[in-house]
Amino acid sequence: MQTSDRPLDIPSNLTFPKRTASVSRRTGETDVQVTLHLDGTGQCTAKTGVPFLDHMLHQLASHGLIDLEVRATGDYEIDDHHTNEDVGITLGMALHQALGDRKGIVRFGHFLAPLDEALIQVALDFSGRPHLSYGLQIPTERVGTYDTQLVREFFVAIVNHAQLTLHIRQLDGINSHHIIEATFKAFARSLRMATEVDPRRAHTIPSSKGVL
């Protein structure tokens, strides 16, 4: 399984479609646009109106090597909940769209990310079956102005709309910022591993059932 920063050596006779997506989602509460390229270099533009969420989206793009543009407006006068959740929903939809039928991908990904005293483990499977097992114990209610309860809501939204199985475990950590940032970094690296092209599978779906 490919885990290094070196791109996979894909045989020249194999061609794969460009894995990109652009999704817009507008509700009575938010207006969100997400554009991504799974085989990017980590470029990111994030303007959601929620500064800490923007910071985490930059981590996702940088460590996942995803080119990502996220723009959102929302009902901030109430709180950041709807914007945070709807960014997760739209990002999940974009991941689902970019992967298509998921032919040729590794499918599974995992990573253990340290950030100072924090240590977070993430494992995921693009199984087609949404499931989140969430084990973070964040000690403060806020990081800056960001409500730390929204971390779980963000990942619930991604899981449901990208149709993936996601397990998040906190092995250590006492600083809320470090715990959350390590989680996004571990998720990004797991996502990168799972969505890489496996040349041995070529154009086949990575399931013994033949469908995900």
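Trainee: Which hand does the β-α-β unit of β3, helix α1 and β4 have?
Mentor: The path leaves β3, passes over helix α1 (residues 51-64) and ends in β4; helices (H or I, at least four residues) and strands (E, at least two) are DSSP runs, numbered from the N terminus. A right-handed crossover would run clockwise from the first strand over the helix to the second, with the strands pointing away from the viewer. In this predicted model, the unit is left-handed.

Trainee: Which residue of β4 is the bridge partner of Ala-46?
Mentor: Ala-46 belongs to strand β3 (residues 44-47), on its covered face with Cys-44. β3 runs parallel to β4 (residues 67-74), joined by 4 bridges; two strands pair if DSSP finds at least two bridges between them. The partner of Ala-46 is Val-70.

Trainee: What are the edge strands of the open sheet of 4 strands?
Mentor: The order is β5-β6-β10-β7, with mixed pairing. An edge strand here pairs on one side only. β5 is joined to β6 (residues 118-125) by 8 bridges, and the two run antiparallel. The edges are β5 (108-115) and β7 (131-135).

Trainee: How many residues apart are Arg-25 and Asp-86?
Mentor: The two form a salt bridge, with the closest N and O atoms 3.2 Å apart; the term requires a side-chain nitrogen of Lys or Arg within 4 Å of a carboxyl oxygen of Asp or Glu. Arg-25 is partly exposed at 24% relative accessible area, whereas Asp-86 is buried at 5% (buried is under 20%, exposed over 50%, partly exposed in between, with a 1.4 Å probe and protein chains only). Arg-25 sits in strand β1 and Asp-86 in helix α2, and the separation is 61 residues.

Trainee: Are Arg-107 and Asp-125 buried or exposed?
Mentor: Their side chains meet in a salt bridge of 2.6 Å, N to O. Arg-107 lies in the loop between α2 and β5 and Asp-125 in strand β6, so the pair ties together parts 18 residues apart in sequence. Both residues are buried.

Methods:
Residues are numbered from 1 along each chain as its sequence is written. This is a predicted model: local features need pLDDT of at least 70, side-chain atom pairs count only at pLDDT 80 or more; totals for chains, interfaces and linings use all residues. Side-chain values use heavy atoms; hydrogens and water are left out.
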